[in-house]
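This report walks through one protein model, part by part. Keep the sequence and the 3D view at hand.

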Amino acid sequence: MLKVGVLGAGHLGKIHLRLLNESKKYKLIGFHDTDQTHAKKIEVEFSYSCFEDYAELLNNVDVIDIVTPTTYHYSMAEQAIKAGVHVFIEKPITSTVKEAEALIKLAKAHNVKGQVGHVERFNPAFRAAIGKIDTPMFIEAHRLSEFNPRGTDVPLVLDLMIHDIDAILSIVNSKVKKINASGVSVISETPDITNARLEFENGCVANLTASRISLKNMRKSRFFQRDAYISVDFLEKVTEVVKMKDAPQDPDDFAMILENAEGVKKQIYFDNPDISPNNAILDELETFAEAIENDTTPIVTLEQGTEALRVAMQIIKAFDE
């Protein structure tokens with residue numbers, strides 16, 4: 001079992017602490033939080049060992065799980081990497097692309113593995129869809145959340161939209177060549193609803209919408225490709241696949257047949273995959289342990305986390321253009 005420590009014991013940090021404590025791949029050594037009053041309460045309530053000194057925690061672990069505000073990601077990860085400790089960093093990887101690129105170089109220099117916490121990659125609905133998606137040419141993504149004042153201190157693109165940016169980049173095997181974006185500030189100082197259009201070199205277009213002032217929550221993406229349509233509901237964990245194939249000469253009475261203007265007939269059928277329930281956060285943490293143990297590439301690399309951040313920053317910049 002890999003010895004692990006957690007940096008940050010806020011809402012998400014407490015979830016990570018619980019899951020790592022239950023995991024069979026990790027031995028939870030303890031945690032560090034800069035708010036010592038809060039840290040002591042967590043220690044008393046859950047019996048996790050609290051380290052007042054971050055450096056001391058690093059000296060006792062193989063892996064550090066960084067679940068702090070983004071502004072601290074770079075400095076905390078830098079310290080861990082230089083100590084030879086593998087790093088799991090919650091998304092976004094860092095505050096700037098320059099910081100992220102520096103972490104990549106550091107990790108290579110110290111032979112340390114890193115993974116970024118883009119948890120939607122481990123969503124069972126998305127996992128089930130991956131084998132069905134092949135060269136999508138148009139993608140529509142909606143990530144809408146009800147208003148929560150706690151989230152307005154982070155730009156919407158970096159808080160919500162970056163989930164879909166990373167998922168789309170992991171599927172579209174092409175570079176982004178053009179970005180158009182707009183954002184509207186309704187009740188915050190920064191945009192509360194945003195839309196971005198990504199054009200890829202291979203011709204694929206992705207249209208992303210994110211909002212934190214919606215009346216209901218929605219996390220849904222649709223992928224359109226030749227002879228197929230795939231819908232992924234990240235919230236309800238449902239995947240729907242609609243495919244078309246050449247219609248048979250003698251279709252049965254219940255077959256759904258479409259005929260285009262040229263007289264070509266296609267049969268519509270459904271190929272919905274089974275969804276295997278999972279705990280996505282536990283999965284991302286445990287697959288990182290497996291990558292360390294087997295010396296393989298983590299599922300969400302520091303490079304991929306950096307690319308998601310780069311595109312997110314380009315979207316934010318496009319608001320002013």
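Which side chain meets that of D271 in a salt bridge? The partner is K132, at 2.9 Å from N to O. A salt bridge here is a side-chain nitrogen of Lys or Arg within 4 Å of a carboxyl oxygen of Asp or Glu.

## About the model

The model is predicted: local features need pLDDT of at least 70, side-chain atom pairs count only at pLDDT 80 or more, and totals for chains, interfaces and linings use all residues. Residues are numbered from 1 along each chain as its sequence is written, and side-chain values use heavy atoms, with hydrogens and water left out.

## The sheet

Nine strands form an open sheet with mixed pairing. Their order is β7-β8-β9-β6-β10-β11-β12-β14-β13. Strands and helices are DSSP runs, numbered from the N terminus (strands are E, at least two residues; helices are H or I, at least four). Two strands pair if DSSP finds at least two bridges between them. At the edges are β7 and β13 (256-259), each of which pairs on one side only. From one strand to the next, the twist averages 15°.

Strands of a sheet pair through backbone hydrogen bonds, either parallel or antiparallel. Take L144 as an example. Its bridge partner in β9 is S211, and in β10 L144 stands opposite M218. F138 stands opposite F224 in β10.

## Helices across the sheet

Helix α7 (residues 156-171) lies across β6, β7, β8, β9 (205-214) and β10. It runs at about 155° to β9. Axes are lines fitted to C-alpha atoms, for helices over the stretch in contact, and angles run from 0 to 180 degrees between N-to-C directions. Helix α9 (residues 302-318) lies across β7 and β8, at about 55° to β7.

## Salt bridges

The whole structure holds 19 salt bridges. One of them joins the side chains of E101 and R310, at 3.2 Å from N to O. E101 lies in helix α5 (residues 97-109) and R310 in helix α9, so the pair ties together parts that are 209 residues apart in sequence. E101 is partly exposed, with a relative accessible area of 35%. R310 is also partly exposed, at 27%. On this scale, buried means under 20% relative accessible area, exposed over 50%, and partly exposed in between (1.4 Å probe, protein chains only).

Back to D271 and K132, whose side chains meet in a salt bridge. D271 lies in the loop between β14 (265-270) and α8 (280-294), and K132 in the loop between α6 and β6, so the pair ties together parts that are 139 residues apart in sequence. D271 is partly exposed at 24%, and K132 is partly exposed at 23%. Another salt bridge joins R143 and D164, at 2.9 Å from N to O. R143 lies in strand β6 and D164 in helix α7, so this pair ties together parts that are 21 residues apart in sequence. R143 is buried, and so is D164. Both belong to a network of salt bridges that also links E120 and R219.

## Two buried residues

H118 sits in the loop between β5 (114-117) and α6 (124-130). It is buried, with a relative accessible area of 2%. What does H118 contact, leaving aside its neighbours within four places in sequence? The contacts are K91, I162, D166, E284, V300, G305 and A308. Contact means heavy atoms within 4.5 Å.

V232 is in strand β11 (residues 228-233). It is buried, with a relative accessible area of 0%. Beyond its neighbours within four places in sequence, V232 is in contact with residues including A125, F126, A129 and R219. V232 and K132 are 100 residues apart along the chain, and their C-alpha atoms are separated by 11 Å.

## A nonpolar patch

F147, V184, V186, I187 and I193 make a nonpolar surface patch of about 430 Å². Patches are made of residues with over 30% relative accessible area and no salt bridge: like charges are joined within 9 Å, nonpolar side chains (Val, Leu, Ile, Met, Phe, Trp, Tyr) within 5 Å. Accessible areas come from the Shrake-Rupley method with a 1.4 Å probe, and for residues only the protein chains shown count as cover.

Is I187 buried or exposed? I187 is exposed, with a relative accessible area of 51%. It is found in the loop between β7 (176-184) and β8 (193-200).
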